[in-house]
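Here is a briefing on one structure. Please keep the sequence and the 3D view open while reading.

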Amino acid sequence: MKVVSVSQMRGLEQAAIEDCGVPSLLLMENAAAGFLMALERETGPVAGKKIHVFCGRGNNGGDGFAIARMAHNLHADVTITLLFDEASAEGDAKTNLEIVKKMGIPFSAAGGGISCDIIVDAIFGTGFHGEIEGNAKSCIDAINNSGAFIASVDIPSGVSADTGHASASSVFADLCVTFAALKPGHLLFPGRGHFQKLIKGNISVPREVINELRSGYDVIDNSKRELIPKRETNSHKGSFGKALAFVGSAGMSGAAVLSSSAILKSGAGMATAAVPETVLGAVCAHLTSVMTVPLPCENGSLAEPAADLLLEKLKHQDVLLAGCGIGTSDAAKKTICRLVTENEKPMVLDADGLNAVSGCTELLLEKKCELILTPHIVEFSRLTGLTVLKIKENPILAAREFAQKFQVTLVLKDAVTVVAAKDGTVFISPSSNSGLATAGSGDVLAGIITGLLSQGARPEHAAVGGVYLHLAAGNIARKAKGEYGMTSEDLLSSVPAAFMEEIDIAPDIKEW
Ligand SMILES: NC(=O)C1=CN([C@@H]2O[C@H](COP(=O)(O)OP(=O)(O)OC[C@H]3O[C@@H](n4cnc5c(N)ncnc54)[C@H](O)[C@@H]3O)[C@@H](O)[C@H]2O)[C@@H](O)CC1
Ligand SMILES: [K+]
């Protein structure tokens, strides 16, 4: 699924209009026809239904006039409300406004009660920025409280198409129909929460024009299954890589079990959990296929010579996972810093491993390895010094800047996870599952990514494929146990099935 920014979308439209000669009015006509087709699929025929179309001053409003005309021709009972001074209409929007006026479609002033079956929200589209104020605010509040089926044209009015930021008064739609490509605001919260279903339609921007654009965005959809490394039949366990996991500490032996088990369940040939000797017994009690290595301790917790032992072991390993449940002791921090700067094998750094380098992120520039970082938003806040609020304002930008600056692959975990590759390409997960917000879920993700890495996947492929499989496994676990009751053990046991069958991780987002 293609994702483009607002300015890239304008570029696509310009290319269609200027380079290919597609008239802009035709794009608007197609947008309106496609919108109505999608609407009728959801609500049944519009004939005989009361439809109220709210139109803003831009081309989103222009789409609204064309939709009103087409719905009228299909025998719907259509009313239009303008949210702007009619004299300021321009271009294609003005053309369509003049047509509906000549057709005699009734207009009603903003401000009255709304009583209809379907509301078409064509107030603001991709041109919206800032906040909703004035009569648009009271109108949107009335739309949201109307009880009608609400269908938004392109994006719910009040949501920023570039960032997903939602103005305090923004439309909550049952259906949103967008055109040519998704925008980041369809995928990122809070915008993602402003529609129930998203349909992307074709408006005759030529396929080649869309395909040629390297937008720098991508969606982690089912097509990402192709990133799962292929397995040769003529193989042995060495073919699929050896992974070492520096994980676990007193009170967090489960992180060691979940993460190292996930490595094996994701297809690695061998996995070894290197854990403080004081928790070895607890870890071994839950592991059979994963090997273990005891790390030296002093006074019950990890001792600094652990770093030498790990670096020695790594000579015979293919990949490293470090950080899940290792705690925040000085020795754990020093061990992580040495692993980051001295290890040469592809490495996944998670959880306390990320906390260890917070405040000294310049160490990341000294790395000799391919590095994947998997922070959740609070860990990312510690890493960058940015507030959580600031990151949430534009997570794509924050993730991209960090990945490019430190030349790492970054998996920024939140309700919507964003993966940023070293070249700045950003991959956005298209759905969320509150059941994944459970202790140990991140350990499983780190293990899956390490498992893919050990089979030779490139870092960004391991990260994107890992996020896909984690979501798919989460959906399988949710089906069996529900969002409330599913635990990381359920998630872990669902990982093999996620590899086996195609799970539609974004059933609410469709293309036609
Ligand atoms: N350009 C094209 O070829 C096509 C455009 N299409 C439609 O055109 C839309 C984009 O059109 P526009 O660029 O005209 O943008 P919009 O229709 O989103 O409207 C922008 C207008 O709203 C105003 N505005 C922005 N933020 C505001 C705020 N906070 N408070 C009050 N006013 C605000 C702007 O000053 C501008 O006048 C798309 O979303 C889509 O619906 C479709 O018709 C397909 C073809
Ligand atoms: K809209």
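Ser152 stands opposite Cys176 in β5. Strand β4 (residues 149–153) and strand β5 (residues 173–179) pair in the parallel sense, over three bridges. The model is predicted.

**Seven-stranded sheet**

- Strands β4 and β5 belong to an open sheet of seven strands.
- The order is β2-β1-β3-β4-β5-β6-β19, and the pairing is parallel.
- β2 (77–82) and β19 (509–511) are the edge strands, and each pairs on one side only.
- On average, neighbouring strands of this sheet are turned by 20 degrees against each other, direction ignored.
- In general, strands of a sheet pair through backbone hydrogen bonds, either parallel or antiparallel.

- Strands β8 (residues 242–246) and β9 (residues 270–276) run parallel and are joined by five bridges.
- In this pair, Lys242 stands opposite Met270 in β9.

**Shell around ligand 1**

- There are 26 residues around ligand 1.
- Those that come nearest are Gly58, Asn59, Asn60, Gly125 and Gly127.
- Two elements give two or more residues to this shell: α2 (24–43) and α3 (59–73).
- Helix α3 provides the largest share, five residues.
- By class, the shell around ligand 1 has nine nonpolar, 12 polar and five charged residues.

**Helix α2 against α4**

- Helix α2 also packs with helix α4 (residues 91–103); their axes come within 10 Å and cross at roughly 60 degrees.
- That angle makes α2 oblique to α4.
- The crossing of these two helices is right-handed.
- From α2, Ser24, Leu25 and Met28 take part in the contact; they meet Asp92, Thr95 and Asn96 in α4.
- The residues of this contact divide into two nonpolar, three polar and one charged.

- Helix α8 (residues 253–265) packs with helix α18 (residues 488–500) at an angle of about 15 degrees, and the axes are 9 Å apart.
- Because the angle is under 35 degrees, α8 counts as roughly parallel to α18.
- The crossing of α8 and α18 is left-handed.
- Leu258, Ser261, Ala262 and Lys265 in α8 meet Ser488, Leu492, Val495 and Pro496 in α18.
- This contact of α8 with α18 has five nonpolar, two polar and one charged residue.
- Helix α17 (residues 459–485) also meets α18: the axes come within 8 Å and cross at roughly 115 degrees.
- The crossing of α17 and α18 is right-handed.
- On the α17 side, the contact residues are Leu469, Ala472, Ala473, Gly474, Ile476, Ala477, Ala480 and Lys481.
- On the α18 side, they are Asp490, Leu491, Ser494, Val495, Ala497, Ala498 and Phe499.
- By class, the contact of α17 with α18 counts 11 nonpolar, two polar and two charged residues.

**Backbone details**

- Most residues other than glycine have a negative phi, and most peptide bonds are trans.
- Where is there a cis peptide bond? This bond joins Phe189 and Pro190, with omega about 5 degrees.
- Pro190 lies in the loop between α6 (184–187) and β6 (195–201).
- Strand β6 is part of the seven-stranded sheet.
- Ala351 has a phi near 50 degrees, a positive value in a residue other than glycine.
- Ala351 sits in the loop between β14 (347–349) and α12 (352–357).

Terms used
Residues are numbered from 1 along each chain as its sequence is written. Chains are lettered from A and ligands numbered from 1 in the order in which they are written. This is a predicted model: local features need pLDDT of at least 70, side-chain atom pairs count only at pLDDT 80 or more; totals for chains, interfaces and linings use all residues. Axes are lines fitted to C-alpha atoms, for helices over the stretch in contact, and angles run from 0 to 180 degrees between N-to-C directions. Helices (H or I, at least four residues) and strands (E, at least two) are DSSP runs, numbered from the N terminus. Angles under 35 degrees count as roughly parallel, over 145 as roughly antiparallel, 65 to 115 as roughly perpendicular and the rest as oblique. A crossing is left-handed if the near helix is turned anticlockwise from the far one by less than a right angle, and right-handed if clockwise. Two residues are in contact if their C-beta atoms, placed from the backbone, lie within 7 Å. Ala, Val, Leu, Ile, Met, Phe, Trp, Tyr, Cys and Pro count as nonpolar, Asp, Glu, Lys and Arg as charged, and the others, Gly among them, as polar. A residue is near a molecule or strand if its C-beta atom, placed from the backbone, lies within 6 Å of it. Two strands pair if DSSP finds at least two bridges between them.
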